[in-house]
Amino acid sequence: MKKLILSILVMSVIAVACTKSTDPGKHAKNEIDVRVEALLAKMTLTEKVGQLNQYSSRWEMTGPAPEGVDSMALYNMIKEGKLGSMLNVTGAIATCNIQRWAVDSSRLGIPLILAYDVIHGYETMFPIPLAEAASWEPELAQLSSRIAAIEASAAGLHWTFAPMVDIARDARWGRFMEGSGEDPYLGAKMAYARVKGFQGDDLSAENTIAACAKHFAAYGFIESGRDYNSAQIGNPTLHNIVLPPFKACVEAEVATFMNAFNTINEMPATASSYLQRDILKGEWGFDGFVVSDWNSIGELIPHGVAADKKAAALLAINAGSDMDMEGNAYVKHLEELVNEGLVEETLVDDAVRRILRIKFKLGLFDDPYKYCNPEREEAVMRCEEHLAAAKEAAKKSIVLLKNDNNLLPLKKDGLKIAVIGELAESKDVPLGSWRAKAVTNSAVSLLEGMKNTTGSSSINFAKGPDYINGYRSFLTELQFNTTNRNGMSAAKNLASKSDVVVIALGEDCWQSGEGRSQTDIALKGLQQELLEEIYKVNKNVVVVLMNGRPIEINWMAENVPSIVECWHLGSEAGNGIAEVLFGDYNPAGKLPVSFPRAVGQQPLYYNHLNTGRPTNREGNVFWSHYTDQSKEPLFPFGYGLSYTQFTYSDLALSAGEINEDSKIVASATITNTGDVVGEEVVQLYIRDLVGSVSRPVKELKGFKKISLKPNESQKVSFEITTEDLEFYGASGEWKAEPGEFKLWIGPNSAEGLETAFVLK
Ligand code: BGC
């Protein structure tokens with residue numbers, strides 16, 4: 001039934017959205033190539049370099065502005081053909097104005113390609129990507145990206161800097177929230193779906209936008225989770241863990257890539273021709289273009305690989321960075337570098353060709369103003385269908401972490417419910433970081449959602465002490481309140497008179513995101529104290545967590561009966577959470593990331609290597625562990641409960657052996673042994689027991705989400721071929737190695753039925 005609702009939503013959104021779209025493949029590939037070549041032939045070197053130059057509007061920026069580029073200078077440069085793209089110009093009218101300037105005032109009238117960070121929605125906010133990955137429903141990610149594209153294109157945009165597909169293993173990193181978590185298989189499925197959602201079947205349709213796979217590569221592997229830091233990573237990890245989601249984007253025909261701020265094995269990614277030329281444009285045959293990250297070409301100077309901007313431009317163009325975002329390096333120096341014979345003009349031509357090709361595919365040469373439609377803009381933003389889809393996405397992203405004695409779901413009548421905590425009444429925090437044009441305070445708060453579901457009579461609210469002191473913004477550091485306890489006793493008082501307490505704790509939306517690395521991932525401010533004080537007077541506590549990264553919640557996990565992981569769930573957060581709390585929807589999300597017991601466990605991930613001393617055989621300290629804390633996660637990757645129970649039985653393999661020409665079908669029967677209908681994400685893991693290099697203790701190789709009524713059973717099957725067993729090893733090739741493999745089918749990465757097979 002739930003699947004049906006989702007497909008109806010997908011169909012209706014796509015139907016509404018597609019009424020004016022042009023035929024797919026309107027411009028055959030070679031027709032576009034002919035037009036690109038014809039245009040290229042007319043361009044001066046200055047105009048070519050201009051296509052590689054991208055500036056932000058001067059009013060919305062996430063980094064420093066290049067010197068001397070004020071609004072006036074910007075208009076002059078457009079007129080002189082020295083600008084190919086802008087970011088952060090939004091709205092049908094503003095984008096139309098700037099486009100008109102480019103088309104009417106420049107010699108060749110080449111349209112600009114206009115970009116924006118549309119990460120999890122444009123005005124209608126969907127769950128942050130990490131949360132959405134917890135749904136384990138790529139179709140849902142496709143739908144939310146589709147809707148984001150419908151709204152963004154109606155606001156005149158052609159291009160989003162999404163999906164962010166960085167695999168992350170360290171919760172200290174603030175940008176964990178932007179990706180799909182720690183696993184390359186799940187990450188690749190979500191990445192593929194998001195690209196398809198943004199781009200649709202036809203980039204030239206008026207409601208599709210070009211996607212951008214970022215940040216290429218290994219940004220999620222920066223040391224100690226400190227943003228913009230260096231990454232050290234072996235080639236097998238790069239290929240087996242980091243690159244698969246990027247490769248999936250290429251398979252989904254993503255239009256663009258963005259490179260990364262970080263170094264990777266001492267080489268800044270922006271200057272890495274191994275990544276951009278050898279792998280991306282070479283091995284993978286990517287024919288779109290690569291944009292730098294914000295001034296990442298300029299940052300080659302502080303990285304210490306270029307003495308000045310000219311040297312930085314030389315390194316970046318040679319390495320395959322096609323467009324310079326806010327670096328002012330290409331526009332200032334590339335022409336000179338070509339004239340001096342240091343850069344082949346053919347390299348510039350190649351970059352220009354790639355950019356023009358995407359502009360043609362978007363249909364910008366046929367109608368540069370087709371995205372400039374204020375009526376459509378007015379009609380689609382936060383429209384009913386979009387909000388309905390956002391609610392669906394919100395509830396499907398929720399993970400039930402603990403539910404002792406079936407405290408949840410709550411009855412809608414007859415219970416006195418205390419709702420506590422600043423986050424519970426916030427209409428802003430659920431919008432999350434990287435929120436594009438979400439209207440401030442436009443989310444449904446948890447408190448509102450609960451009142452909408454029950455009628456207000458039984459619900460009372462006490463904020464408790466302030467969480468944040470003063471101003472909150474995406475630019476500045478947050479100040480947590482650690483001293484002012486005003487509100488504590490009122491909250492305790494309310495809790496003591498109530499049957500059950502729902503307390504919202506976790507992170508402000510500006511606690512995660514770019515530039516938000518933390519050394520401590522425990523609850524901040526007075527939140528832990530508030531929780532313990534409340535628990536003293538009422539043990540029936542349900543914690544609603546709102547956060548953008550895994551956080552440390554040991555005390556809570558040990559003491560309170562119910563914990564619901566609700567991330568930052570977007571515009572409809574409160575309504576989605578209320579459906580779960582009151583049992584209108586049975587939660588089915590599973591963690592896309594391991595939850596640590598201590599920040600000192602970071603990086604923590606399920607698909608680690610075994611080490612030479614994985615277990616405590618001798619009873620002494622000389623094994624791979626911590627002396628002051630378990631090495632295991634608090635909640636493992638793939639974990640999540642339901643209001644019903646599922647049992648796994650009858651694990652079977654179609655054969656005990658596999659070879660290059662054969663496949664194995666692995667199956668298990670899943671039964672709903674509880675009282676209510678529920679969904680389960682059935683997961684398939686394997687382990688390659690002996691390899692030419694050490695192999696992970698488990699690797700996700702498949703998942704299926706099923707829905708079962710009470711007492712209903714379903715046989716779930718997965719097909720395994722040798723391709724699924726391949727890995728990138730020390731020899732620098734992908735291959736599957738003969739030998740024994742373990743296989744599990746189960747509810748998460750730590751449990752499951754186990755068997756084995758042999759690759760001949
Ligand atoms: C971020 C990118 C983003 C760009 C443009 C950079 O600081 O790293 O992810 O797309 O800014 O806003």
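Start by selecting Pro603, in the loop between α22 (573-581) and β19 (646-653). Helices (H or I, at least four residues) and strands (E, at least two) are DSSP runs, numbered from the N terminus. The model is predicted: local features need pLDDT of at least 70 and side-chain atom pairs count only at pLDDT 80 or more, while totals for chains, interfaces and linings use all residues. Residues are numbered from 1 along each chain as its sequence is written, and side-chain values use heavy atoms, with hydrogens and water left out.

**Cis peptide bonds**

The peptide bond between Gln602 and Pro603 is cis, with omega about -5°. Next, go to Ala162 and Pro163, which are also joined by a cis peptide bond; here omega is about 10°. Pro163 sits in the loop between β4 and α8. As background, most residues other than glycine have a negative phi, and most peptide bonds are trans.

**Arg175**

Stay in that part of the chain and select Arg175, in the loop between β4 (159-160) and α8 (184-199). Is Arg175 buried or exposed? Arg175 counts as buried because its relative accessibility is 1%; buried means under 20% relative accessible area, exposed over 50% and partly exposed in between, with a 1.4 Å probe and protein chains only. Its side chain makes a polar contact of 2.5 Å with the side chain of Glu178. A polar contact is a pair of N or O atoms within 3.5 Å; within protein, one must be able to donate a hydrogen and the other to accept it, and residues adjacent in sequence count only if both atoms are side-chain atoms.

With neighbours within four places in sequence set aside, the residues in contact with Arg175 include Lys214, His215, Trp434 and Glu514. Contact means heavy atoms within 4.5 Å.

**The ligand**

- Asp117: a polar side-chain atom is 2.5 Å from an oxygen atom of the ligand.
- Arg175: a side-chain N or O atom is 2.7 Å from an oxygen atom of the ligand.
- Glu514: a side-chain N or O atom is 2.9 Å from an oxygen atom of the ligand.

Taken alone, the ligand exposes 310 Å², and the protein buries 99% of that. Accessible areas come from the Shrake-Rupley method with a 1.4 Å probe; for residues, only the protein chains shown count as cover.

**Positive phi**

Select Glu326, in the loop between β10 (324-325) and α13 (330-339). Its phi is near 60°, a positive value in a residue other than glycine. Glu326 is buried, with a relative accessible area of 2%.

Then select Arg382, in the loop between α15 (374-380) and α16 (384-396). The phi of Arg382 is positive too, near 50°, and Arg382 counts as partly exposed because its relative accessibility is 26%.

Move to Ser135, in the loop between α6 (129-133) and α7 (138-154). Ser135 is buried, at 0% relative accessible area. A polar atom of its side chain lies 2.6 Å from the backbone oxygen of Glu132. Beyond neighbours within four places in sequence, Ser135 is in contact with Leu140, Met190, Lys396, Ser397 and Lys705.

Thr454 belongs to helix α18 (residues 446-454). The backbone oxygen of Met450 is 2.8 Å from a polar atom of the Thr454 side chain.

Select helix α20 (residues 527-537), where Gln527, Leu530, Leu531, Glu533, Ile534 and Tyr535 are buried. The buried residues of α20 pack against several elements, including β16 (500-506), β17 (541-546) and α21 (554-559).

Finally, colour domain 1 (393-510 + 520-588) and domain 2 (646-759); the bounds come from an automatic or database domain assignment. Their centres, taken over C-alpha atoms, are 36 Å apart. Four residues of domain 1 are in contact with six residues of domain 2.
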